[in-house]
Amino acid sequence: MIRTSKRSWLACALALPIGAFATQVVADPAQTPAAPASGTHVELNKLEASEKGCRAYMVVNNPGETTYQSFKIDLVLFQTDGVIGKRFSIDLAPLKPKKKSVKLFEIDGIQCDKIGSLLINDVMECKAEGGAVSGCLDNLKTSTLTNVQLSK
């Protein structure tokens, strides 16, 4: 009887640390993997003077699996006094999956120092190989490395 009790106690003692360790790993949020990044990210990286006005450099990051054949955005330029200066559209596509790329475009007739902010008013066209993609504006993230704000 004593031998049986010792064996039961030994089995419980060996099982206890394993159960406690498993509980600790599950309960520790630092041990859970971070969710993968999603959504297209557009960064206004640089503005420079050009013959036509101002040249803008956009860094576009597509962390997802979708290849965009069209990613046309409606931009509204606000001057430094807050008044709308221009409205135009640019197509940031093609956007390859899991790829960062740089897109340039000219802002004709306006000097860089006259630009106060840029607003992505809408995503006018968002198409992948399989057709139209929904939620492109909702999943869009913006940032800037310039003194000109980029927002949506």
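Lys 46 lies over the face of Tyr 57, at 5.1 Å from the ring centre. This contact, like every feature below, comes from a predicted model.

The chain has 152 residues, and 29% of them count as buried. Its secondary structure comes to one helix and nine strands. Along the sequence, the order is α-β-β-β-β-β-β-β-β-β. Contacts across the sequence were also counted. Among those with a separation of 6 or more, 66% join residues 24 or more positions apart.

The largest nonpolar core has 30 residues. Strands S1 (41-49), S2 (53-62), S3, S4, S5 and S6 (115-128) each supply at least two residues of this core. Phe 71 and Ile 107 have the most contacts inside the core. In soluble globular proteins, nonpolar side chains tend to be buried together. Ile 107 touches several parts of the sequence.

Aromatic rings were examined next. A search of the whole structure finds two aromatic pairs. One of them joins Tyr 68 and Phe 71 in an edge-to-face arrangement. Their ring centres are 5.3 Å apart, with 80° between the planes. Both Tyr 68 and Phe 71 are buried. The rings of Phe 88 and Phe 105 also pair, with their centres 5.9 Å apart. The planes of Phe 88 and Phe 105 meet at 50°, so this pair is tilted. The pair links distant parts of the chain, for Phe 88 is in strand S4 and Phe 105 is in strand S5 (residues 99-108). The two residues are 17 residues apart. Phe 88 has a relative accessibility of 15%, so Phe 88 counts as buried. Phe 105 also counts as buried, because its relative accessibility is 9%.

Strand S3 (residues 68-79) holds Ser 70. Ser 70 has a relative accessible area of 5%, so this residue is buried. The side chain of Ser 70 makes a polar contact with the side chain of Glu 125, at 2.6 Å. Leaving aside neighbours within four places in sequence, Ser 70 is in contact with Asp 91, Ala 93, Glu 125, Cys 126 and Lys 127.

S3 pairs with strand S4 (residues 84-91) in the antiparallel sense, over seven bridges. Within this pairing, Asp 74 has Ser 89 in S4 as its bridge partner. The hairpin of S3 and S4 has four residues between the strands. In this hairpin, Gly 82 takes a positive phi near 90°.

The loop between S4 and S5 carries two backbone features of note. Most residues other than glycine have a negative phi, and most peptide bonds are trans. Pro 94 is in this loop. A cis peptide bond joins Ala 93 and Pro 94, with omega about 5°. Lys 98 is found in the loop between S4 and S5 too. Phi of Lys 98 is near 50°, a positive value in a residue other than glycine. Lys 98 is exposed, because its relative accessible area is 58%, whereas Ser 70 is buried at 5%.

How values were computed. Residues are numbered from 1 along each chain as its sequence is written. This is a predicted model: local features need pLDDT of at least 70, side-chain atom pairs count only at pLDDT 80 or more; totals for chains, interfaces and linings use all residues. Side-chain values use heavy atoms; hydrogens and water are left out. Buried means under 20% relative accessible area, exposed over 50%, partly exposed in between (1.4 Å probe, protein chains only). A polar contact is a pair of N or O atoms within 3.5 Å; within protein, one must be able to donate a hydrogen and the other to accept it, and residues adjacent in sequence count only if both atoms are side-chain atoms. Contact means heavy atoms within 4.5 Å. Two strands pair if DSSP finds at least two bridges between them. Rings of Phe, Tyr and Trp (its six-membered ring) pair if their centres lie within 6.5 Å; planes under 30 degrees apart count as stacked, over 60 as edge-to-face and the rest as tilted. A charge sits over a ring if NZ of Lys or CZ of Arg is within 6 Å of the ring centre and within 35 degrees of the ring normal. A nonpolar core is a set of buried Ala, Val, Leu, Ile, Met, Phe, Trp, Tyr and Cys residues joined through side-chain atoms within 4.5 Å.
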